[in-house]
Amino acid sequence: MGFGPDGWGRDMLAAAGMTIGVSIVGFVAGVLFGCCGAAAKLSRFGSLRWTAEVYTTVFRGVPDLLVIYLFYFGSSSLITSVASMFGAQGFVGAPAFLTGALAIGVVSGAYQTQVFIGAVEALPRGEIEAARAYGMSSLLLFRRVVLPQAIRFAIPGVANVWQLVLKESALISVVGLIELMRQAQIGAGSTRQPFSFFLTAAALYLLITFVSGIGFQALEKRAMRGVRRPA
């Protein structure tokens, strides 16, 4: 596991970087899906609430690995069909990074939808009613009252979702992306030292989660500055 000509250290670190990259992209996509899902569930329109309910039910109920397979092979089939129209032959695979990150984003978005809804519902009703009594428009109310406080309440739940996204990123190896788990498998097969490589992968995963956990704690502490906590 060294960094010399025959070492696997650089390959493992590069794969860890790929894991962080695909996790960040999937997580950010999940935030966007989660915001849209929460807005739809809190909407006064029944069709939007129904659509969001189906979304969260399906993607929280279907195994994550199956979602990745569906996204990858579904996208690949579509690309292959389009390519065949222009004379291309054979199977054309979809980009593993993009399809894997999108699959993770859709799944994590289903969980983040519930996090954001819980954060909004935790807001004191009196503050919202007081803001409306002052004549605030819906947009101004959202920007000055709802959003700042909802972010504070959502940070712990979002941090938990981030940990799940990091672990889900290991599943993308099934579609060929060489992230940390896949690199550990390659190294273990090449050297016949599976324990060393999987132990190294576990240590790198723990390091990533530990550092990101510190980051979320600092973010939560900063967001809660000036907020009086209940005794």
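Mentor: Let's start with burial: buried means under 20% relative accessible area, exposed over 50%, and partly exposed in between (1.4 Å probe, protein chains only). Before we apply that, note that this is a predicted model, where local features need pLDDT of at least 70, side-chain atom pairs count only at pLDDT 80 or more, and totals for chains, interfaces and linings use all residues. Residues are numbered from 1 along each chain as its sequence is written, and side-chain values use heavy atoms, leaving out hydrogens and water.

Trainee: Okay, is Lys41 buried or exposed?
Mentor: Lys41 counts as buried, because its relative accessibility is 16%. You'll find Lys41 in helix α1 (residues 9-41); helices (H or I, at least four residues) and strands (E, at least two) are DSSP runs, numbered from the N terminus.

Trainee: How many salt bridges does the structure hold?
Mentor: A salt bridge is a side-chain nitrogen of Lys or Arg within 4 Å of a carboxyl oxygen of Asp or Glu. The structure holds 1: Glu53 pairs with Lys41, their closest N and O atoms being 3.1 Å apart. That pair links distant parts of the chain, with Glu53 in helix α2 and Lys41 in helix α1, 12 residues apart. Glu53 counts as partly exposed because its relative accessibility is 40%.

Trainee: Which side chains make a polar contact with the side chain of Lys41?
Mentor: A polar contact is a pair of N or O atoms within 3.5 Å; within protein, one must be able to donate a hydrogen and the other to accept it, and residues adjacent in sequence count only if both atoms are side-chain atoms. Here the Lys41 side chain meets that of Thr56 at 3.2 Å and that of Gln114 at 2.7 Å.

Trainee: And what does Val120 touch?
Mentor: Contact means heavy atoms within 4.5 Å. Leaving aside residues up to four places away in sequence, Val120 touches Leu42, Arg125 and Ala150. Val120 sits in helix α4 (residues 96-121), and it is partly exposed because its relative accessible area is 23%.

Trainee: Where does Phe73 lie?
Mentor: In helix α3 (residues 64-85). Phe73 is partly exposed, since its relative accessible area is 42%. The C-alpha atoms of Val120 and Phe73 are separated by 37 Å, with the two 47 residues apart along the chain.

Trainee: Where is Arg44 found?
Mentor: Arg44 is in the loop between α1 and α2 (46-61). It is exposed because its relative accessible area is 72%.
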